[in-house]
Amino acid sequence: MPEHIQKALIEAVMDESSPHYTAPIGSPELKVKIAEKLLKENHLKVDPQRNILITPGSDSGLYFSILPFVHEGDEVMIPSPSYPNNYLDVRIMGGVPVSVPLEEEKGYQLDENMLESKYSSRTRMVLLTHPNNPTTTVYSRESLNVLRDFVIKHDLILVVDQAFEDYTFGNEMITPASLPGMFERTVTVFSFSKGMGLSGLRVGYIVCSDAIMDTMYANAVAVLGATSTAAQKGVLAAYDDLSFMQEFREAYDFRRKEAYKIFNSIPNVSCQMPESGFLCWVNVSKIGSSSEIVNYLLKHARVSVNDGINYGPGGEGHFRIVLGVYRDNQKVVDALLRIKEALMEYQKNQ
């Protein structure tokens, strides 16, 4: 944790306000800072006290964003592979997650025909992780325009999880809510966990129009509760000096290139160049079951990776690696090389 954030967090804990709630909708001072960021980076001009809700992390924010719109039997379209909680949240609410397959050969971009083929009279929402987790895909302007036209045509709500927005490489990062006609029908979930590396503080936020936010504000205390008082002050201090994020960017850029080089040097194994964040999505479908391979890597390479089957249709035969787990680049490269060695051995044994 950068020193200026540590200092602010310690001071916040020592302050007499630390054991007490903030408002359940979040710190007004933090929301002002967020509004400045939204205008500069996301091209969204919002009222900080009307269009932003601070949440205890983006997972709770994602659940809360879906909750007003999904009832028993309602269908939610989810471009897949996708973040496992997208499917789980919808099921918890009695809804029906409908996977919209994304094709690896097309760079996992959105397709109009596929969207239309999955629409029904019960469809209420499209739930998008952008950039995509696990594929790291940054959706192109063309893809997002297709999605915008589809959502407006069928009078749907769009919920977008932008947890991985901070680090994209060579691709334009477009916030769907900033597209014409979309702010009033889009709920966007943001996080401080990925870009700032502050996942332990559990602070995220939701951005949407007044009409939607009225309902969210009214129910925030009953569902979410107030986000940690001290954690919000720590995140507020992060905005005073964001230079520490450059170290993350350089490390993730180096690691994605190393991962791409290493995995594509293994016979029958491939991965596309990661486009965002600190994830890598690896295709091992030509050599066996991803579940079996994940277990093999844990035992023989001493590396834990995520089985692709957990990310919905299109996930089987793949695994996800989190490249951001160590500060030391070499430790990450060493782990990748152990995976390579184990995958080579696995194929020999087969």
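Student: The expected span of a helix is 1.5 Å times one less than its number of residues, so what does H9 reach from its first C-alpha to its last?
Tutor: Helix H9, residues 244–263, reaches 29 Å over its 20 residues, close to the 28 Å expected. Helices (H or I, at least four residues) and strands (E, at least two) are DSSP runs, numbered from the N terminus.

Student: Before we go on, what am I looking at?
Tutor: This is a predicted model, where local features need pLDDT of at least 70, side-chain atom pairs count only at pLDDT 80 or more, and totals for chains, interfaces and linings use all residues. Residues are numbered from 1 along each chain as its sequence is written, and side-chain values use heavy atoms, with hydrogens and water left out.

Student: OK, which residues of H9 are buried?
Tutor: Among them are Phe244, Tyr252, Arg255, Arg256, Glu258 and Phe263. Buried means under 20% relative accessible area, exposed over 50%, and partly exposed in between, with a 1.4 Å probe and protein chains only.

Student: And what covers them?
Tutor: The cover includes helices H1 (3–14), H8 (229–238) and H11 (329–349), plus strands E8 (270–271), E9 (279–283) and E11 (318–322). Contact here is heavy atoms within 4.5 Å.

Student: Switching topic: what's the strand order in the seven-strand sheet?
Tutor: That open sheet runs E1-E7-E6-E5-E4-E2-E3, with mixed pairing. E1 (52–55) and E3 (96–101) are the edge strands, each pairing on one side only. Two strands pair if DSSP finds at least two bridges between them.

Student: How does E6 pair with E7?
Tutor: Antiparallel, with four bridges joining E6 (186–191) to E7 (204–207).

Student: Is E6 covered or open, and how many of its residues are buried?
Tutor: E6 is mostly covered, with six of its six residues buried. Thr186, Thr188 and Phe190 point one way, while Val187, Val189 and Ser191 point the other. In a regular strand, side chains alternate between the two faces of the sheet.

Student: Which strands does H2 lie across?
Tutor: Helix H2 (28–42) lies across E1, E6 and E7, at about 115° to E1. Axes are lines fitted to C-alpha atoms, for helices over the stretch in contact, and angles run from 0 to 180 degrees between N-to-C directions.

How values were computed
The expected span of a helix is 1.5 Å times one less than its number of residues.
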